[in-house]
Amino acid sequence: MTSGYVCTSCGAACAADTHEPKCRCGGLFELDFTPPAWDPARIDRSEWSIFRYRDFMAVDGDIWRSVTMGEGMTPVIEMDGRNGVLLKMDYAMPTLSFKDRGAATLVSHMLAIGVRTCVQDSSGNAGNSVAAYAARAGIACEIYVPEGTSPKKITMIESHGAKVHVVPGTRDHCADVCRAQVAERGAYYANHVYNPYFYEGMKAYVYETFEQLGRIPANIVIPVGNGTLFIGAVKALEHLHASGAIERFPNIIALQSEKCDPLYRAREAGLEDPARVTPAPTMAEGIAIGVPMRGREILDMMKRHDIRVVHAPEDRILEARALLARRGIYCEHTTAANYAAWGRYCELYGPTPDTLITMCGAGIKSDH
């Protein structure tokens, strides 16, 4: 093992080969891992996947070689050449979603520690990614999804041989049902929020951008539901900044659905924990998380870097999706919310030249 776990609540240490989803005290695990200083010479330029940056990620030896499907290395393109907006095309992945970054590192770790069966809860994209990589690794998989999940996402998950359980109620209730099964059956919880190995893969989003552009854009738009991309990106940016590779930390524009916004409300009220909300139906299903399990960690990062959170206006999501499609970019509703939220941010705080927006999921996944 490359590192161990440390509990984010009580500070207890734990071996990373544990099959327990969290600490005995109930706290979530963090990796006890400090990457070496950023050095472009340590990039493995012969590897065309996120694992070209493995020197800066907690990775279990070379077992990733039997799991990777070439995820990552997605293009960065201009939106229209006039407004200074760059789009990172992260739906150009094996399962058409940015979650492949984290699934590749998580499933590689699972294979390294002998996991044979896993369960996970997801609004769709993470479940599909884990199901695909688990299939590649020969690990049996069950995915719990909330009612209202895109039928096409469910079809994709099932195509990989995973069993899908559709749970009535909210996304948060779906997670509760899945975790109850973890406790009852002792199955490995391949969860993208609980397991810190998932975030190691998400860090590559920033490393790639830095390698591709030779810089980090001044503004970076990041959706936040459970915060997997947000946490991974902040960790990588902190690493680059601490290494002296970038002179200043970029302005991160975090966004939430106006129908489900516990972190937005917490920032507005200056709270250390997510606000209590009652989620309402939203087209941005991928970020409709009423109880983000790493909410305190996310809010601490937001406070540390003075990060604002804005709403993605619900009535502008379809308009944003159509606008992007007319530029040749067919994305899912939650991804269109990123562009809608950027527009809202500019209305509130002024224009943001040199902005990077992630295109998280392909449009064919949310035609419903």
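These legends go with close-up views of a predicted model.

Local features here need pLDDT of at least 70, side-chain atom pairs count only at pLDDT 80 or more, and totals for chains, interfaces and linings use all residues. Residues are numbered from 1 along each chain as its sequence is written, and side-chain values use heavy atoms, with hydrogens and water left out.

**View 1. The largest cavity, with a volume of about 210 Å³.**
Searching the whole structure turns up 4 cavities of 30 Å³ or more. A cavity is a set of points, on a 1 Å grid over the protein atoms alone, where a 1.4 Å probe fits but cannot get out; lining residues have an atom within 4 Å of a point. Points are joined across faces, edges and corners, and a volume is the space filled by probe spheres set on them. For the largest cavity, 19 residues make up the lining, and Phe 98, Lys 99, Thr 228, Gly 286 and Ile 287 lie nearest its centre. At least two lining residues come from each of helix 2 (125–137) and helix 7 (228–242); helices are DSSP runs of H or I, at least four residues, and strands are runs of E, at least two, numbered from the N terminus.

**View 2. Who lines the largest cavity, by class and domain.**
The count is 7 nonpolar, 9 polar and 3 charged residues. Here Ala, Val, Leu, Ile, Met, Phe, Trp, Tyr, Cys and Pro count as nonpolar, Asp, Glu, Lys and Arg as charged, and the others, Gly among them, as polar. Domain 2 (76–98 + 197–365) and domain 3 (99–189) each give at least three residues to this lining, with bounds from an automatic or database domain assignment.

**View 3. The second largest cavity, at about 70 Å³.**
Its lining includes Tyr 5, His 19, Glu 20, Phe 29, Tyr 188 and Pro 196. By class that lining splits into 7 nonpolar, 3 polar and 1 charged residues.

**View 4. An open sheet of 3 strands in the order 2-1-3.**
The pairing is antiparallel, where two strands pair if DSSP finds at least two bridges between them. Strand 2 (13–15) and strand 3 (29–32) are at the edges with a single partner strand each, so one side of each has no neighbour in the sheet. Strand 1 (residues 4–7) is joined to strand 3 by 4 bridges, and Cys 7 has Phe 29 as its bridge partner in strand 3.

**View 5. Ala 236 in helix 7.**
From its C-alpha atom to that of Ile 298, 62 residues apart along the chain, the separation is 14 Å.

Terms used:
On a 1 Å grid over the protein atoms alone, a cavity is a set of points where a 1.4 Å probe fits but cannot get out, and a pocket is an open set with protein on both sides within 12 Å along at least five of seven lines; lining residues have an atom within 4 Å of a point.
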